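Please look over the chain displayed below before reading on. The notes that follow take up its surface, its overall makeup and its loops.

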Amino acid sequence: MVIEMLENEIEKIIKTYNTELRYFAYKFVRDWILVDDIMQEVYLKIFLKWTTYIQISNLKSWLYKITCNQCIDYLRSSTYKSTLLIKSLEEFLISDKISAENKVLKALDKETLLKHIASLPFYYRTTIILHYFRNYSYKEISSLLCKDISFVKNKLFHGRRMLREMYTNEELIFANQF
């Protein structure tokens, strides 16, 4: 009886907020198929964590927070990272306008860049990926990460600096080998 009441309550919530939450998730992942998968996880979490909502006053903010966290979990996942790398490789293989030597050098540069980005701490890595690879604005990143715009700008600035230092150190090591 209690479970049926809970299911009815959650069903009403899903009908009411489904469209909003789907568009919100789409801003994170930019792929409607992934949004479907993420929303399934969100609905499951709503069902499993319903008792924690009772202690929170604002339903809508709770739903957005669950959706935001689920999207961030996906962006942190190895599935997302491998998909991003595969898309980059596909773009590389499709373009025939560049010589084979330039293609190899470009691929090595891209691989090195992705390796360096992956080694950055979470917020630096996330802001750089969202801004440069997913073309999100500062405001969109701020909304997705639930942080101020100044936080996003700071992480991008320092993340670029860290990448620059990695490349500088790599060049010094390479130069000292010869």
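This is a predicted model: local features need pLDDT of at least 70, side-chain atom pairs count only at pLDDT 80 or more; totals for chains, interfaces and linings use all residues.

Together with L44 and F47, L48 makes a nonpolar surface patch of about 280 Å².

## The chain as a whole

The chain holds nine helices and zero strands, and its pattern, read along the sequence, is α-α-α-α-α-α-α-α-α.

Where contacts in the chain link residues at least 6 apart in sequence, 64% of them join residues at least 24 apart.

## Two loop residues with positive phi

Most residues other than glycine have a negative phi. R30, placed in the loop between α1 (2-29) and α2, has a positive phi near 55°. The relative accessible area of R30 is 32%, so this residue is classed as partly exposed.

A positive phi is also found at C146, where the value is near 60°. C146 sits in the loop between α8 (138-145) and α9 (149-176), and, because its relative accessibility is 43%, C146 counts as partly exposed.

Technical notes: Residues are numbered from 1 along each chain as its sequence is written. Side-chain values use heavy atoms; hydrogens and water are left out. Patches are made of residues with over 30% relative accessible area and no salt bridge: like charges are joined within 9 Å, nonpolar side chains (Val, Leu, Ile, Met, Phe, Trp, Tyr) within 5 Å. Accessible areas come from the Shrake-Rupley method with a 1.4 Å probe; for residues, only the protein chains shown count as cover. A salt bridge is a side-chain nitrogen of Lys or Arg within 4 Å of a carboxyl oxygen of Asp or Glu. Helices (H or I, at least four residues) and strands (E, at least two) are DSSP runs, numbered from the N terminus. Contact means heavy atoms within 4.5 Å. Buried means under 20% relative accessible area, exposed over 50%, partly exposed in between (1.4 Å probe, protein chains only).
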